[in-house]
Amino acid sequence: MNKTEDINNGQHGEPRKFDPAFKGPIHNRHCTDVVCCVIFVIVILGYIALGTVAWIHGDPRKVAYPTDSYGQFCGQHGTPNANKTLLFYFNILKCASPAVLIKLQCPTTQLCVSKCPDRFATYIDMQYSYRSNKSYWEYYRQFCKPGFNNPRKSVSEILRDEDCPSMIVPSRPFFQRCFPDFTTRNGILTVANKTTFKDGKGKTRNVTELRQAANGINGVLDGREVGMKIFEDYANSWHWILIGLVIAMLVSLVFILILRFTAGVLLWLIIFGVIGVIGYGIWHCYWEFSTLRGRPGADVTISDIGFQTDFRVYLQLSQTWLIFMIFLCITEAVIILMLIFLRNRVRIAIALLKEGSRAIGEIMSTLFYPIITFLLIAVCISYWAVTAVFLASSGESVYKVMPAQPKCIYANLTCDPNTFNKTNVTKVCPGSQCTFAFYGGESLYHRYILVLQICNVFVFLWLVNFAIALGQCTLAGAFASYYWALRKPADIPQYPLFSSFGRAIRYHTGSLAFGSLILATVQLIRIILEYLDHKLKGAENVFARFLLCCLKCCFWCLEHFIKFMNRNAYIMIAIYGKGFCTSAKEAFFLLMRNIVRVAVLDKVTDFLLFLGKVFIAGSVGVLAFFFFTRRIPFIQEEAPSLNYYWVPLLTVIFGSYLIAHGFFSVYAMCVDTLFLCFLEDAERNDGSEERPFYMTTSLKKILKKQNPIPY
């Protein structure tokens, strides 16, 4: 067996042996996980077919436009309702809640109108006024059924056939629906400055009954007004927001580039700062303990006073400060001991952080690769959303019997609005309506809409995880090319990022799809568990909820573990070009052989990058705060006039954090790749002329190793 075979077939836990043919990322590759690649391509074609079928059967107008009682769209071009964009309810008092209104499940006739009524009126009053002025009928008839033009029809017949509403109330549009125009004057609820109204049946009713029928609508309308102000603020400040985000991008870039000079100083300052803060805490606790020890009543133990909701009670006991002091002393001792015994590993972590900054400086194009990942994910989200909408709007109009009385044997049964008045339903259940309920059907396609929606979500998760995996593998290949260049930057290949992207797509689509499939499956299970937990919130079965909580916790841990292993497996794939399972196994055992180094580097990197994100978002946020509140004198007049200055401020802060996260995700991938390459380098090579180290001089000094000096 030659040396290369010995490497590939060695035991799992043994260090990797020298391979004379290895000079960095393998270029002579073969396709990996071909079966999964074929399945992935078939699934994508099936996903396209699913979107096509949904496009054929679906109609997004059913989501965009409100629908009247006859399943016709309000405001749809090319229909009789083209100019009637609003939905009007004949008797809104029959609607129990806003949720009923939005779902169109209200047992009253719903009609498309061009505008909402702006006055109180009843059909009886209209008939009385019609004798002297026919204009009353012309106004009232626009809220009656199309084609009805008989103002002399009796009130009882009108109410029986629901040709016209028995009353109209001043309303305003909300979500393209007419809701009562509520206002509050001196703490009293009114509609058009009135507190009472006639219901068209001879009764005088209070406006609060309208409020009960449309409970919560007024609050939502106020929210809409706030939303309009927020939109106005965005319109006035969007260019300043973009400037703030560009500043965040530049600061993120500069921060990464200067980490090579400041990583060590920054980290040691933070470490010694934490030690100093804890030391001050120990002194303060001792001072409080000494002060309270001789005071009457302070020597009572915590167990004697039991549980108290006021935490200040415990601060008056000397035992509390003694416990705090002991806890801080233990923490201080642990940190100091860890620094003493792990100082070399901390130095390795700092050296790798500096080297990561150098690598990015040599391959600057990697900083902009997240844009490609963002675009791929945006395409996936858009396709998923459009497919979901078309699936949800598939089917024909389904009508249900909506009874006016609680007890009706025909309630919720399907009906035909064209023949409803001729059936026995109106006699058995007076006042019932055949109202549009939803879109559906009885075909095989319509019966499996829910299954298709689940498939849509699953493939969406798979594609999103694949886009992320492709980015990780591409970046890993580029940074591995940097590490395995013996003479940097002379030996770095041209266009390392483009070459790595081509290798990942050409040879390892199946491996990336395999890892993404595992992660997507776990994420789908988590979504299902969250759905079940939502459904069981009101359940009294404590054991079922406890079991569900345990399952959620286990799958959360499993998802994060898989993400960690996938990330390192993609790095190994980028370097050696092996399949997913082999790469994951080798990455796992390599990390397990260096578990302490892994833990130290992971925490140090996470901590530094978190501080960087907070620093960038905070600094840009402070600058934005002073600008939008007009506290910078020389550009005070340039600040836009705003309703809420916190709208652009929060947008800038959140956007800056996301931009910093995008840049630092590249940096984190760079450090992780260099770390695995460093571990491989330390195990493969010994510093001889035949097997020189590829690591930097600083890392060799830490490990007390060196390459032979060429003569």
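Colleague: How many cavities does a search of the whole structure find?

Modeller: On a 1 Å grid over the protein atoms alone, a cavity is a set of points where a 1.4 Å probe fits but cannot get out. Here the search finds two of 30 Å³ or more. The model is predicted, so totals for linings use all residues, while local features need pLDDT of at least 70 and side-chain atom pairs count only at pLDDT 80 or more. Residues are numbered from 1 along each chain as its sequence is written, and side-chain values use heavy atoms, with hydrogens and water left out.

Colleague: Which residues line the largest cavity?

Modeller: Lining residues have an atom within 4 Å of a point. Among them are Phe88, Tyr89, Pro117, Met167 and Cys178. Strands (E, at least two residues) are DSSP runs, numbered from the N terminus, as are helices (H or I, at least four). Strands E1 (86–89) and E4 (167–168) each supply at least two residues of this lining.

Colleague: Which helix gives the largest share of the lining of the second largest cavity?

Modeller: H12 does, with four residues. Helix H12 (343–362) and helix H21 (595–628) each supply at least two. The lining includes Arg345, Arg597 and Phe675.

Technical notes
On a 1 Å grid over the protein atoms alone, a cavity is a set of points where a 1.4 Å probe fits but cannot get out, and a pocket is an open set with protein on both sides within 12 Å along at least five of seven lines; lining residues have an atom within 4 Å of a point. Grid points are joined across faces, edges and corners, and a volume is the space filled by probe spheres set on the points.
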